[in-house]
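Good morning, and thank you for the time. I would like to present one structure, beginning with the whole chain and then turning to selected residues.

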Amino acid sequence: AVEYFINYYRIPVSQLLPYDGLVIPFTYFFYKNNNDRPIGEKQKYLEDYFWRTILTSNFSNSLESKVAQDIKKIDLILNDKLPKYDYGVDISIDGLSYNGWFSTGKAYIKGLLCLLTYKSPLSFVDNSKVNINNNWLRQANSKNYHHFFPKAFLKKKGEDVFYINHIANITIVDDFLNKRLIKDKAPSKYMKSFSKNNENLDETMKSHLINDLESFGVWENDYDKFFNSRLEAFSRELKKRLIIQKKDITKNKVEE
């Protein structure tokens with residue numbers, strides 16, 4: 001089960017697993033499945049279960065009763081059947097925005113950080129792979145969590161603290177170098193300096209779910225555009241991992 005978290009979901013360290021309790025239903029799955037990896041429908045249904053559990057804070061309390069209920073869902077998955085859920089998930093821009101206050105103690109945020117680590121984030125400086133370990137990921141104020149639009153820069157512009165310290169504004173970096181170079185500079189300014197030495201900067205930024213510096217408003221220092229574009233990127237990644245059902249919310253009310 002642990003190897004599956006590491007290899008399939010690409011969760012590199014224990015600190016990022018949203019719930020320790022998730023080990024139980026996954027261990028049960030592998031025990032009943034003769035230690036074979038899930039393939040085909042089983043794989044899709046198990047991944048859908050994994051993300052639903054995280055996005056709905058299913059294990060946040062009454063762990064024993066929740067696990068007992070979820071074992072029944074795992075039994076269905078083992079028989080190639082999609083479990084029915086009493087709850088939907090909200091992966092709309094509004095939903096992600098509302099729940100996105102950055103705190104590493106929240107399972108929901110850990111889940112979104114798992115999306116970032118899944119992309120194998122690369123260094124802004126030279127496109128090398130960011131090394132991720134538990135010591136770096138314990139606290140939200142760790143120097144390895146970088147606010148892409150620096151907090152000081154946004155505060156000067158009068159941006160609300162909730163939106164400054166939001167998962168949409170967080171990237172994972174490998175050392176203090178980015179912090180020393182960036183400080184309170186505008187994104188357009190510090191990204192321009194990185195582009196001089198990093199010929200693969202576009203590739204680098206895609207590994208941080210920042211798919212295009214132009215359309216994300218980076219060169220214009222447009223935080224509203226960046227914020228919404230990044231949430232759209234998170235939403236798309238989650239949609240790939242879920243089997244969308246009627247109760248799920250994938251679009252904002254205005255869009256609907």
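Predicted model: local features only at pLDDT ≥ 70, side-chain atom pairs only at ≥ 80, totals over all residues.

Residues are numbered from 1 along each chain as its sequence is written, and side-chain values use heavy atoms, with hydrogens and water left out.

Let me turn to the architecture. The protein contains 12 helices and two strands; helices here are DSSP runs of H or I with at least four residues, strands are runs of E with at least two, and both are numbered from the N terminus. Read from the N terminus, the order of elements is α-α-α-α-α-α-β-α-α-β-α-α-α-α. The radius of gyration is 19 Å, close to the 18 Å given by the globule rule for 256 residues, so the protein is as compact as a globular protein of that length. That radius is taken over C-alpha atoms, and the rule is 2.2 Å times the number of residues to the power 0.38. The C-alpha trace spans about 55 × 40 × 30 Å along its principal axes.

Next, burial and surface. Of the 256 residues, 49% count as buried, where buried means under 20% relative accessible area, exposed means over 50%, and partly exposed lies in between, with a 1.4 Å probe and protein chains only. The accessible surface amounts to about 12,900 Å², and 47% of it belongs to carbon and sulfur atoms. These areas come from the Shrake-Rupley method with a 1.4 Å probe, and for residues only the protein chains shown count as cover.

As to contacts, meaning heavy atoms within 4.5 Å, consider the pairs between residues at least 6 apart in sequence: 75% of them join residues at least 24 apart. On charge, the protein has 39 positive and 32 negative charges, and their mean positions are 3 Å apart. Lys and Arg count as positive and Asp and Glu as negative, with His and the chain ends not counted; each charge is placed at NZ of Lys, CZ of Arg, CG of Asp or CD of Glu.

I now come to helix α2, residues 23–32. Which of its residues are buried? They are Pro25, Phe26, Phe29 and Phe30. Seen down the axis of α2, these buried residues fall within an arc of 135 degrees, so they line one face of the helix; the arc is that of the directions from the helix axis to the C-beta atoms. The cover over them includes α1 (2–7), α3 (40–55) and α4 (63–78).

Setting aside residues up to four places away in sequence, Phe30 touches Ala1, Tyr4, Asn35, Asp36, Arg37 and Pro38. Just after α2, Asn34 adopts a positive phi of about 55 degrees.

Two further asparagines deserve a remark on backbone geometry. Asn127 has a positive phi near 70 degrees and sits in the loop between α6 (107–118) and β1 (145–147). At 15% relative accessibility, Asn127 is buried. Asn221, also not a glycine, has a positive phi of about 55 degrees and belongs to the loop between α11 (201–206) and α12 (223–241). With a relative accessible area of 22%, Asn221 is partly exposed.

Gly111, in helix α6, is buried at a relative accessible area of 1%. Neighbours within four places aside, Gly111 is in contact with Pro18, Trp51 and Ile54. The C-alpha atoms of Gly111 and Pro18 are separated by 6.0 Å, although the two residues are 93 apart along the chain.

Not counting residues up to four places away in sequence, Lys73 touches Tyr49, Pro83, Lys84 and Tyr85.

Gly158 lies in the loop between α7 (151–156) and α8 (161–164), and at 60% relative accessibility Gly158 counts as exposed. The C-alpha atoms of Gly158 and Trp51, 107 residues apart along the chain, are separated by 35 Å.
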